[in-house]
Amino acid sequence: MTAAGTQTAVITGASSGIGAATARQLAAAGYHVVLTARRKDRIEALAAEIGAAGRHATAYALDVTDRPAVDAFAAELGRLPSVNVLVNNAGGALGADPVATGDPAEWRQMYETNVIGTLNLTQALLPALTASGDGTVVVLSSTAGHSTYEGGAGYVAAKHGAHVLAETLRLEIVGTPVRVIEVAPGMVRTEEFATTRFHGDTEKAAKVYAGVAEPLTADDVADTITWAVTRPSHVNIDLLVVRPRAQASNSKVHREL
């Protein structure tokens, strides 16, 4: 249940990494956080952790690519006094093959999760966010959504789609009481991102960060998201790119090897 006067923030992909860190930080900032992800056990454990700290959290198992399930989720949220923030965090990368040999199934899955999943949640919750009188949509894209790199075309294409979705939505709903914020992280070391990308190959995953003194952490990105969301209502952080100091671009990284 939502505490009286507490605003509600929905976070997708909240079972680990940036999503889980964002849930913790928004809860600490006073939001009732609604945690969504496919892994029910993880989000229930996180909701219990947040609750034990005296804050408010609800877990809801959800696949963002399943539109009927998303619509049912939106209907369930209609019982709350208001929905104020949507953090579209669910996404991820699969593979690092060149265009010539990339797996179309992986490309499709990345597009479905990073773009269609974001579209599904945004469409389903935009009426409630507007009705709140002070809504915020956050799209977690990537520096991959702004420039390309070899071996990354499938992920880059998906994140470009997420970037364009945010940019276009902002144009289309200007004049309504809803902000659209895009946060585009560079190199972030989380427990799952690179390992998932390389299909469980931990050696390949480790090479992504080899020699980089301090990649960003999930908490670094969550802190950025929380800062942007908690600006005064009239302040819109259109686009915030955040990288570790060691990374100048997607392909220029200082490594101490």
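User: Buried or exposed: how does Phe-73 count?
Analyst: Phe-73 comes out at 1% relative accessibility. The cut-offs are under 20% relative accessible area for buried, over 50% for exposed and partly exposed in between, with a 1.4 Å probe and protein chains only. This is a predicted model, where local features need pLDDT of at least 70 and side-chain atom pairs count only at pLDDT 80 or more, while totals for chains, interfaces and linings use all residues. Residues are numbered from 1 along each chain as its sequence is written, and side-chain values use heavy atoms, leaving out hydrogens and water. So at 1%, Phe-73 counts as buried.

User: And what about Tyr-60, how does that one count?
Analyst: Tyr-60 has 25% relative accessibility. That makes Tyr-60 partly exposed.

User: What kind of aromatic pair do Tyr-60 and Phe-73 form?
Analyst: The structure holds two aromatic pairs (Phe, Tyr or Trp rings, six-membered for Trp, with centres within 6.5 Å; planes under 30 degrees apart are stacked, over 60 edge-to-face, the rest tilted). For Tyr-60 and Phe-73, the centres sit 4.7 Å apart with 55° between the planes. That pair is tilted.

User: How far apart in sequence are the parts this pair ties together?
Analyst: Tyr-60 belongs to strand E3, and Phe-73 to helix H3. Both are DSSP runs numbered from the N terminus (helices H or I, at least four residues; strands E, at least two). So the pair links parts separated in sequence by 13 residues.

User: How many residues has the largest nonpolar core?
Analyst: A nonpolar core joins buried Ala, Val, Leu, Ile, Met, Phe, Trp, Tyr and Cys through side-chain atoms within 4.5 Å. In the largest one, Ile-11, Leu-26, Val-33, Leu-35 and Ile-225 have the most contacts. Its count is 34 residues.
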